[in-house]
Amino acid sequence: MLFRYFVVYATNVLQVDKFQWAIVMAFMWLSIAIPSILAGFRMDAVGRKSYFIIGLLLYTPAMLIFLNASFTMLLISFFLFGMGQMLQGTSYNSLLGDLIPRELRGTVIGCGQFFMYLSQAITQLLAGALYSYVSPQLPFILLAIGAIPLAIIASVKILEPSAKQV
């Protein structure tokens, strides 16, 4: 829900130059390219659940740093945010492949996408209202705080599959 508000907050509140913001975004994507390959190899070897949880937990320091970041701190914040996205996304998709039989993957992923896009539409409105009418920092604080219970729930509810689907 926050990707659109990062640039607004960074340029309006943190007073980051637009070209510096472009550098931050390029740095984020480039700095996680090689770790994404390494993480994928490790997930295949040791499992996906721990990487999913670490990915969620990385959102907390990333957002807390972002709230008052200088240009240099933005680089650190978005490296952590990018790593969190990469670890969470890669492990989530790998877990889906492990847990869902091949003949049901399209249906399950399609239903998941439906609910994800629906929730994104609602959270975009919520984030915009919170950002505009309550506090520009609040949506980022909520992500920082909300990631912790999500990680706890994931640690309790997600089980590594005993046999991976093919």
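Buried residues account for 38% of the 166 residues in the chain. The model is a predicted one, and every value below is computed from it. The accessible surface of the chain is about 9500 Å², and carbon and sulfur atoms hold 71% of that area.

The chain contains seven helices and zero strands. Read from the N terminus, its elements follow the order α-α-α-α-α-α-α. The radius of gyration is 17 Å, close to the 15 Å that the globule rule gives for 166 residues, so the chain is as compact as a globular protein of that length. Along the principal axes, the C-alpha atoms fill a box of roughly 50 × 35 × 25 Å. The contacts can also be sorted by separation in sequence. Of those between residues at least 6 apart, 82% join residues at least 24 apart.

An α-helix has 3.6 residues a turn, so residues three or four places apart point the same way.

The backbone at Q15 has a positive phi of about 60°, although Q15 is not a glycine. Most residues other than glycine have a negative phi.

The next topic is the largest pocket. About 1300 Å³ of space lies in the largest pocket. It is lined by 34 residues, and those closest to its centre are M1, Y59, Q88, M116 and Q120. Helix 1, helix 4, helix 5, helix 6 and helix 7 are the elements that give two or more residues to the lining. The most comes from helix 6, with eleven residues. By class, the lining of the largest pocket has 22 nonpolar, eleven polar and one charged residues.

M116, one of the residues closest to the centre of the largest pocket, belongs to helix 6. Its relative accessibility of 33% lies between the cut-offs of 20% and 50%, so M116 counts as partly exposed. M116 and R102 are 14 residues apart along the chain, and their C-alpha atoms are separated by 21 Å.

Two prolines lie in the loops on either side of helix 6. P101 is in the loop between helix 5 and helix 6, while P136 is in the loop between helix 6 and helix 7. P101 counts as partly exposed because its relative accessibility is 24%. P136 is also partly exposed, with a relative accessible area of 27%.

The distances from these prolines link other parts of the chain. P101 and I148 are 47 residues apart along the chain, with 30 Å between their C-alpha atoms. P136 and D17 are 119 residues apart in sequence and 18 Å apart in space, C-alpha to C-alpha. Leaving aside residues up to four places away in sequence, P136 touches Y9, V13 and Y131.

Technical notes:
Residues are numbered from 1 along each chain as its sequence is written. This is a predicted model: local features need pLDDT of at least 70, side-chain atom pairs count only at pLDDT 80 or more; totals for chains, interfaces and linings use all residues. Side-chain values use heavy atoms; hydrogens and water are left out. On a 1 Å grid over the protein atoms alone, a cavity is a set of points where a 1.4 Å probe fits but cannot get out, and a pocket is an open set with protein on both sides within 12 Å along at least five of seven lines; lining residues have an atom within 4 Å of a point. Grid points are joined across faces, edges and corners, and a volume is the space filled by probe spheres set on the points. Helices (H or I, at least four residues) and strands (E, at least two) are DSSP runs, numbered from the N terminus. Ala, Val, Leu, Ile, Met, Phe, Trp, Tyr, Cys and Pro count as nonpolar, Asp, Glu, Lys and Arg as charged, and the others, Gly among them, as polar. The radius of gyration is taken over C-alpha atoms; the globule rule is 2.2 Å times the number of residues to the power 0.38. Buried means under 20% relative accessible area, exposed over 50%, partly exposed in between (1.4 Å probe, protein chains only). Contact means heavy atoms within 4.5 Å. Accessible areas come from the Shrake-Rupley method with a 1.4 Å probe; for residues, only the protein chains shown count as cover.
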